[in-house]
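Visitor: I am new to this one, so please show me around. I would like to take it one question at a time.

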Amino acid sequence: NALERKYVFCLSSATNRNYAKYIEGTAIGNTMSRVLVKEPEGDQAIRIVESKVSRIEGKFKNVFISYNAVEAAIDLSSKYMHDKYLPAKAIEILEKTAARISSEKKKNYICTKNDVAITVNEMTDIPTQDIEANEGEKLLRLEEEIHKYMIDQEEAVEAVADSLRRARVELREGKRPIASFLFMGPTGVGKTELAKTITRVYFGDKDYMIRLDMSEYQHQDSVEKMIGSSDNKGYLTEAVRKKPFSLILLDEFEKAHPKIFDLFLQVMDDGRLTDGEGRTIDFTNSIIIATSNAGSNYIQKEIVKGTNIEELKTDLINEHLNKIMRPELINRFDGLIVFKPLSRKDVVEIAKLMLKGVGKLLKEKGIFFEINEQGAAKLAEEGYDPKFGARPLRRLLQKKIDNEIAVKMLSGDIERRDTIVLNADGAIEVRKAKEL
């Protein structure tokens, strides 16, 4: 009443989220006039941040901030830091940059755009600095790097590598994820393995993968589980908020509820989602890979017949996918990749890769591992199943190799410097090291 009668003059502030939650539509909200204070951008943001530069330079002696550094702080923070606002986030970046340079004891140093990019990289884990020569070389050889861990599936590997190269030099639409793919094919042919390999090769660490089993999101209330509510955090939105530079793997995508499909339609269109607390979560630095077993029997039959891949894709969309997902969602994927069933030759090469992985683990323990080609081929033949791909092989190697080695190590039959030999029969032998 006092406010209505102008007995009291009041200036108050609230964030957009809190205004909507606590004030909008209430008596006090209807009494007070709402004044929107927008986030500054462009030249206005530059002028505000420039007014703070002298204070930062005074705090960190022998460090000077260039105009390019100010501009970079604003541009990069706008692009990659969506949970903070200008001008505060740009000022924070410049302070952190000056502090780092000052700690390196550099004298009369002028901060550059790349110095600011390094700071943003440290704050977000997103590689924003100029492409170094070795990283550029790695991107050019991405297919080769992926094939160190992945056998065959050339089309899938090439499509993914092309998208990642475009994304790294920013030749893509800015409001969409780095790339989005729908991997289709029978079980055990490498769909999930390729996603893991991309995480390891491109992001540099397997921890950059966010994995969701979509069979857990089959009900209508799954939306709240994924994006959260005012009381609970959503699994997906919270994971991406904490790690925006990541690969999101959606296993068995076809099992999700249609409301979940609508969420990802928005993500692939706008590159963002609003979580249950009203925060905007940025997906533009994520890769989205959905896997599906839909039509896997059909794929196996048609590949054996020699059906053209493009013709196979058309039939898959019309006869299988359209019965599960809306056409607009299917069309939002950058690529629909069909994985071929594994041949016997592929399984032999996969067996060698798996055995090399065992060898790396043993090397860390100071134990050597020798692989006989004939023995590896015998294990591959025993573990080959055209219906289940490489999965029976993995179980076989765990039973015949991993378990056998574990028993021998625990019983003291294998010690440091010894050599474990996979012989021609696919069995384990131990060659003791010479005494020193």
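Predicted model: local features only at pLDDT ≥ 70, side-chain atom pairs only at ≥ 80, totals over all residues.

**A first walk around**

Visitor: How many helices and strands does the protein have?
Guide: Helices (H or I, at least four residues) and strands (E, at least two) are DSSP runs, numbered from the N terminus. The C-alpha trace of the protein spans about 95 × 60 × 40 Å along its principal axes. Its secondary structure comes to 19 helices and 12 strands.

Visitor: What percentage of the residues count as buried?
Guide: The protein has 436 residues. Leu250, in strand β5 (residues 246–251), is one buried example, because its relative accessibility is 1%. Over the whole protein, the buried share is 44%.

Visitor: Back to Arg417: what is its phi?
Guide: Most residues other than glycine have a negative phi. Arg417 sits in the loop between α19 and β11 (419–422). Though not a glycine, Arg417 has a positive phi of about 80°.

Visitor: Which loop holds Asn62?
Guide: Asn62 is also a residue other than glycine with a positive phi, near 65°. Asn62 counts as partly exposed because its relative accessible area is 35%. Its place is the loop between α3 (42–59) and β1 (63–65).

Visitor: Where does Pro87 lie, and is the peptide bond from Leu86 to Pro87 cis or trans?
Guide: Most peptide bonds are trans. Pro87 lies in the loop between α4 (67–80) and α5 (88–103). With omega near 0°, the bond from Leu86 to Pro87 is cis.

Visitor: How many disulfides does a search of the whole structure find?
Guide: A disulfide is a pair of cysteine sulfur atoms within 2.5 Å. Among the cysteines, Cys10 is partly exposed at 40% relative accessibility, whereas Cys111 is buried at 1%. The number of disulfides found is zero.

Visitor: How many salt bridges are there?
Guide: A salt bridge is a side-chain nitrogen of Lys or Arg within 4 Å of a carboxyl oxygen of Asp or Glu. One of them joins Asp275 and Arg279, with closest N and O atoms 2.9 Å apart, and both of these residues are buried. In the whole structure the search finds 24.

Visitor: How far apart in sequence are the parts tied together by Glu277 and Lys233?
Guide: The side chains of Glu277 and Lys233 meet in a salt bridge of 3.4 Å, N to O. Glu277 lies in the loop between β6 (272–274) and β7 (280–282) and Lys233 in the loop between α11 (222–227) and α12 (235–242), so the pair ties together parts separated in sequence by 44 residues.

Visitor: Which residues are linked in a network of salt bridges?
Guide: Glu277 also meets Arg279 in a salt bridge at 3.8 Å, N to O. Glu277 is partly exposed at 23% relative accessibility, and Lys233 is partly exposed at 48%. The linked residues are Lys233, Glu238, Arg241, Lys242, Asp275, Glu277 and Arg279.

Visitor: Which helices each supply at least two residues of the positive patch?
Guide: Patches are made of residues with over 30% relative accessible area (Shrake-Rupley method, 1.4 Å probe, only the protein chains shown counting as cover) and no salt bridge, with like charges joined within 9 Å and nonpolar side chains (Val, Leu, Ile, Met, Phe, Trp, Tyr) within 5 Å. Lys and Arg count as positive and Asp and Glu as negative, while His and the chain ends are not counted; each charge is placed at NZ of Lys, CZ of Arg, CG of Asp or CD of Glu. Lys196, Arg200, Lys206, Lys356, Lys360, Arg391 and Arg395 gather in this surface patch. The helices are α10 (191–203), α17 (344–364) and α19 (391–410).

Visitor: How far apart in space are His320 and Gly295?
Guide: His320 lies in the loop between α15 (309–319) and α16 (327–332). His320 and Gly295 are 25 residues apart in sequence. From C-alpha to C-alpha, the distance between them is 6.0 Å.

Note on methods. Residues numbered from 1 in each chain as written. Heavy atoms only, no water. Buried < 20%, exposed > 50% of the residue type's maximum accessible area, 1.4 Å probe, protein only.
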